[in-house]
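Hi,

Here is the structure I promised to pass on to you. Have a look at it first, and then read on below for what turned up in it.

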Number of protein chains: 2
Amino acid sequence: MRKSAFQHRIHALRTKLSDIRPDTAWIIQPENRQYLSGFSAEDSQLNESSGSLFINDKACLLVTDSRYSAEAQKEAPDFEIITAKRGLLDALPTVMEFLETQCLGFEEDHLTWGLHQQVRRTLRKLDQPPRLTPLKGVVEELRVIKDTAEIKAMEASSDLMSRILAEVIPSLAPGRTEKEIAWQIEGLAMEGGADGLAFPSIVASGPNSALPHAVPTDRKIRAREPIILDVGVRIKGYRCDMTRTVFLERPGPKFRKIYRTVREAQLAALPEVRPGVKSNIPDKKARDLISDAGFGEYFGHALGHGVGLATHEVPRLGPEKPVKLEKGMVVTVEPGIYIPGKGGVRLEEMVVIEKNGPRILTRNPHFYEF
Amino acid sequence: MRKSAFQHRIHALRTKLSDIRPDTAWIIQPENRQYLSGFSAEDSQLNESSGSLFINDKACLLVTDSRYSAEAQKEAPDFEIITAKRGLLDALPTVMEFLETQCLGFEEDHLTWGLHQQVRRTLRKLDQPPRLTPLKGVVEELRVIKDTAEIKAMEASSDLMSRILAEVIPSLAPGRTEKEIAWQIEGLAMEGGADGLAFPSIVASGPNSALPHAVPTDRKIRAREPIILDVGVRIKGYRCDMTRTVFLERPGPKFRKIYRTVREAQLAALPEVRPGVKSNIPDKKARDLISDAGFGEYFGHALGHGVGLATHEVPRLGPEKPVKLEKGMVVTVEPGIYIPGKGGVRLEEMVVIEKNGPRILTRNPHFYEF
């Protein structure tokens, strides 16, 4: 029988576990959980987990409660589903004894300090209490290289998002509000069969476009100002993230220059997004070009980031802590120039890194050849 | 000059701090942050904080980054805004020295183990390193009693949600899908001026209604089956949470009995939701009635929970860990009976506890007098 994608991922995790201290991985972070098991439930609040995976060389358990056990059975056939009636802490000793865990690895960037304390106290009651050790991003490192099924899902979310923008952009007209446009995008995402948005859409016009983090307002869009659409949808959990900046009419020389500079920075960075290159190099290409054009101080964020089950994941394409880019990574390339109080331009492609370089998944045209 | 609601809350926190070990409260949990400062930004991911409050008897600081500083200035006038260019950990030593912090209280149920470690390492470099101590739910305890402005916001979100259901319920017809109905609700919420939904709407028909946690599907609703609508919107951050169970035609005797039992359980519990009563009493009233009717094993969850800036907050109205109910609490009263594979009925009111008992904020009628 062919191994499922999940079995491959579990195998990769087990191989990693054999090199590090913990013998059992405890997975509660929702995207890590979905990556390893297929179980797609979200946590409604940080203190309301829908389930935990426990994986070691003996077994794969998914501990959940009665609200989720039917869904877990269906979605995670590689896991044994345990329905913990009185919650995780109550079930934990039995689970640890069954797995013969000596050292339990936890997700240090998701587990709260409070729950860590409670677990530590619970484990102490056992005859041979397992130790607790951080997993140090082990699953996040596995997630960084996307497999065929993952790339296919991201092609699907990018294609849908591209189709939506191809419908929305021609419909833009002076007088429509940012909120209306954001709502139109969400409606088309739902009609188009998305699980939902990847993140709340950014529709930012005029001075609002100078805020990289802008929330859609009741402001009416105008003819000669930048309108940033930074948008994405989710399909089978996998996200798309793309940005276009639109002008309804030809803007003045300043914004023409800004747009041209951002686009040139993006085109300079893209060829460097290929296997073997350090992740700071594409950022430097774009940043140098923007600085040379006199806008260096107005490009405040990193060039890009990994995308997958989460909108923001490793690797980061920024000046600091470079890592080597590899085949199968999916990243954004999104230079921007933001003039406070005036407006900004950001252009973002999401690309999959292939043997010879980046393949762009977000295929809408850029509109302006000023 | 009159004190703002935020100044009152800061004063209450300072009073609490004078009784416990930490002299400075470090607040990162988004609802706690909004409660104390008005700063309403959300965190896009757990590892992407939009800001931290630091409050002691000397000062109120809001440490954020350039993406959020304009918003922070506007929303949090009682706080001094610090824009930390290189992130929180970089700014922390200066902040601690400025505040002369000796013991820093952190939110143990929100701070991750990993960030706690990083902060500990950062603080150790100081000449006089402050200690780190959990705040033990101090802000959550303040939030449990709602002030006038908060109750007003929750009246607004409840009124909007009631109007939406009054429009949606008569529009239900066999053949419409759960997803379509959920989407209709979201559209009306946006049109009605909500910030957004309080949580993803539950629209669960037929056998799906037996799952207390159901996600809307493409299933078409039918005439004589239960359709659970568990819905809520947010206005100024404050949430509404309400549930109606609808039948398009008179159901058979079994579901008539179930509906009647749930409604009677709710009516039995409601008068006990008043100041001075222990929080397990209303649950017991409802649970006993449901058990006496023979459905005890089909009511698996607690009777209710607090609502406010979060959908689920203290107090919990369940059999365990009773607390005394007080004037100004806002809680749900939501008994349910769920027959696996067949269907369920849940009826949920959100009430504010007043001197003489509960005032129901969710005023839609219940439709069935079988």
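This is a predicted model: local features need pLDDT of at least 70, side-chain atom pairs count only at pLDDT 80 or more; totals for chains, interfaces and linings use all residues.

Let me begin with one residue in chain B. D230(B) sits in strand β9, which covers residues 227-231 of that chain. Is D230(B) buried or exposed? Its relative accessible area is 7%, and buried means under 20%, so D230(B) counts as buried. Its side chain has two polar partners to look at: the side chain of R346(B) at 2.9 Å, and that of T243(B) at 3.1 Å. Leaving aside residues up to four places away in sequence, D230(B) also touches others, among them F199(B), I202(B) and E348(B).

Next, the place where the chains meet. Here 24 residues of chain A are in contact with 24 residues of chain B. Together the two chains bury about 2300 Å², with 63% of that area on carbon and sulfur atoms. On the chain A side, W113(A), W183(A) and H213(A) provide 31% of the buried area, more than any other three residues. What links the chains across this interface? There are 14 residue pairs in polar contact, both residues at pLDDT 80 or more, while the count of salt bridges is zero. Helices α5 (113-124) and α8 (178-191) of chain A each bring at least two residues to the side facing chain B, and α8(A) gives the largest share, four residues. By class, that side of chain A holds nine nonpolar, nine polar and six charged residues.

Finally, chain A on its own. It is divided into domain 1 (5-143) and domain 2 (148-360), whose centres, taken over C-alpha atoms, are 34 Å apart. Seven residues of domain 1 are in contact with 10 residues of domain 2, and the two domains of chain A bury about 630 Å² between them, 45% of it on carbon and sulfur atoms. E31(A), Q34(A) and R143(A) supply 57% of what domain 1 buries there, more than any other three residues. How many salt bridges are counted between the two domains of chain A? The count is three.

Enjoy exploring!

Best wishes

Conventions: Residues are numbered from 1 along each chain as its sequence is written. Chains are lettered from A and ligands numbered from 1 in the order in which they are written. Side-chain values use heavy atoms; hydrogens and water are left out. Buried means under 20% relative accessible area, exposed over 50%, partly exposed in between (1.4 Å probe, protein chains only). A polar contact is a pair of N or O atoms within 3.5 Å; within protein, one must be able to donate a hydrogen and the other to accept it, and residues adjacent in sequence count only if both atoms are side-chain atoms. Contact means heavy atoms within 4.5 Å. Buried area is the accessible area (1.4 Å probe) that two parts lose on being put together, summed over both. A salt bridge is a side-chain nitrogen of Lys or Arg within 4 Å of a carboxyl oxygen of Asp or Glu. Ala, Val, Leu, Ile, Met, Phe, Trp, Tyr, Cys and Pro count as nonpolar, Asp, Glu, Lys and Arg as charged, and the others, Gly among them, as polar. Domain bounds come from an automatic or database domain assignment.
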